Amino acid sequence: IFFRLSSGSPMANAKYVSTRGEGEPVTFLKAVLEGQAPDGGLFVPVAIPDVADKLESWKELPFNTLAFEIIKLYADDIPADELKKIVDTSYGTFDCPEVVPVKKLKDLDILELWHGPTLAFKDVALQFLANVFQYALKKEDRVLNILGATSGDTGSAAIHAIRGKERMKVFIMHPDGKTSPMQRLQMVTVEDENVFNIAIDGSFDDCQKIMKSTFNELDFKYKYSLGTINSINFARILAQITYYFSAYFQVASEGQKLNFSVPTGNFGDVFAGFLAKKMGLPIDKLIVATNENDILERFFRTGEYKKGAVEFTISPSMDIQVASNFERYLYYRFDGDSAAVRKALKQFTDDGVTTVPLVDGVVDPTFLAGRGGTPEVMASIKKYKEEEDYVLDPHTAVGVYVAERLGLSNRTVCLATAHPAKFPSSIEEAIGTAATHPSLEKLKGKPEKYEKLGNDQQAVMAFMSTAIDAADTKKKVDTEHCTDSCAIL
């Protein structure tokens, strides 16, 4: 059962357990390298530190220092000096000193999370995760073959964080033809030898199912040293907690409560906010904003988590019907009762639906939910360009629309998850002019490298094993050639 630590104390010998309750607690680095727990569950911290009495001393800290102070509470198996290097290296890749600046508009605030290398909020987590991987792999003298699934932004952020790094290869599955063209180009134009793109004939949910099922093949997982960069990896969630604190300090007056509106697909981003609130950050409501794929919106209204068919929309990163991090939420909703988690997940697997009982007529008083379909999203993009001269991307526009419709009294911060230039066609349709960005324009016409595969787990595993074995053979030959050459010299 999880508990809270008072006074912002570091979690001495911080431990993580599986949501499904099997296995012994593990350290932060072990949880990061494992990715998914061996029993198929997701790692969660045994304790959540209470930092309410730290807020005053943290409010003027620059982002890197603030991030370090938060992350060290959960990652005490990384020495402080090494962790500081990891944080500074990770966020030194962003294009502004604030890293995650807030744009204050008339009636709400926009937390710009797209100032990293791939212009998406995933950079905040994946730059950090890749550097943690690099530290851990060097420390343990081992390699990692990373398998990931993407609905658009995770893939490019992971690839750009890992490309060229020693000891790592990254295999990214994306749903063929169902990301934006710019999201796709950010992935398939990367030619580094340790990057492998796989276009799957299916949806993101299909990609994610292949990924999670492959991690459950434990012989394959350990033979090929698999790791994950998806938000099933707790390090992703941990890095995302940091920007809720940063946004709060940029916007709120002392003691003021804020709402956060979060464009939601896989539930990782808003779950990070949920943990930030548990840590003592003065959050009033977390708004789960969905597009037409509204399984989470329906859940927080009714308590019924029921899978539907995936609808492909202009906000592709949210075109998800099975949210991985919902399992973590269930763990806390059931007060750490892993048996209840397993029962709910089995019911969902067997019947496509599971339910949570309402308490005082609501699922959870922390959460509100709303749905923004394509017409509402396009209208919001147009409205904010005309009234505020600010361009929202189609995902951020979902969060803005839902926040406006709810009309809450406390100030609301909307998370801006991507630069609008990643979705030029939708922006042009909404406002008459396509958004652009130099880093994206230079991708056009570059050579592409990817493999097309069917919706078939065995085909993906075969592709991975062939690629890994071939790379290992090449490395062995190169090493032997070097040894022979050196001997001749």
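These questions and answers cover the overall build of a predicted model and one of its helix pairs.

Visitor: How many helices and strands are in the protein?
Guide: The model is predicted. Both kinds of element occur in the protein. The count is 19 helices and 17 strands.

Visitor: What radius of gyration does the protein have, and what would a compact globule have?
Guide: The C-alpha atoms fill a box of roughly 75 × 55 × 50 Å along the principal axes. For 489 residues, a compact globule would come out near 23 Å. The protein agrees with that, with a radius of gyration of 22 Å.

Visitor: What share of the residues count as buried?
Guide: Buried means under 20% relative accessible area. Applied to the 489 residues of the protein, that gives 59%.

Visitor: How are H6 and H7 oriented to each other?
Guide: H6 spans residues 153-162 and H7 spans residues 181-188. Their axes lie 8 Å apart, at an angle of about 25°. Angles under 35 degrees count as roughly parallel. Therefore H6 and H7 are roughly parallel.

Visitor: Which residues make the contact, and what are the classes?
Guide: H6 contributes Asp-153, Gly-155, Ser-156, Ile-159 and His-160. H7 contributes Gln-183, Gln-186 and Met-187. Gly counts as polar here. By class, the contact has two nonpolar, five polar and one charged residues.

Conventions: Residues numbered from 1 in each chain as written. Predicted model: local features only at pLDDT ≥ 70, side-chain atom pairs only at ≥ 80, totals over all residues. Heavy atoms only, no water. Axes fitted to C-alpha atoms, helices over the stretch in contact; angles between N-to-C directions. Helix = DSSP H or I, 4+ residues; strand = E, 2+ residues; numbered from the N terminus. Parallel < 35°, antiparallel > 145°, perpendicular 65-115°, else oblique. Contact = heavy atoms within 4.5 Å. Rg over C-alpha atoms; globule rule 2.2 N^0.38 Å. Buried < 20%, exposed > 50% of the residue type's maximum accessible area, 1.4 Å probe, protein only.
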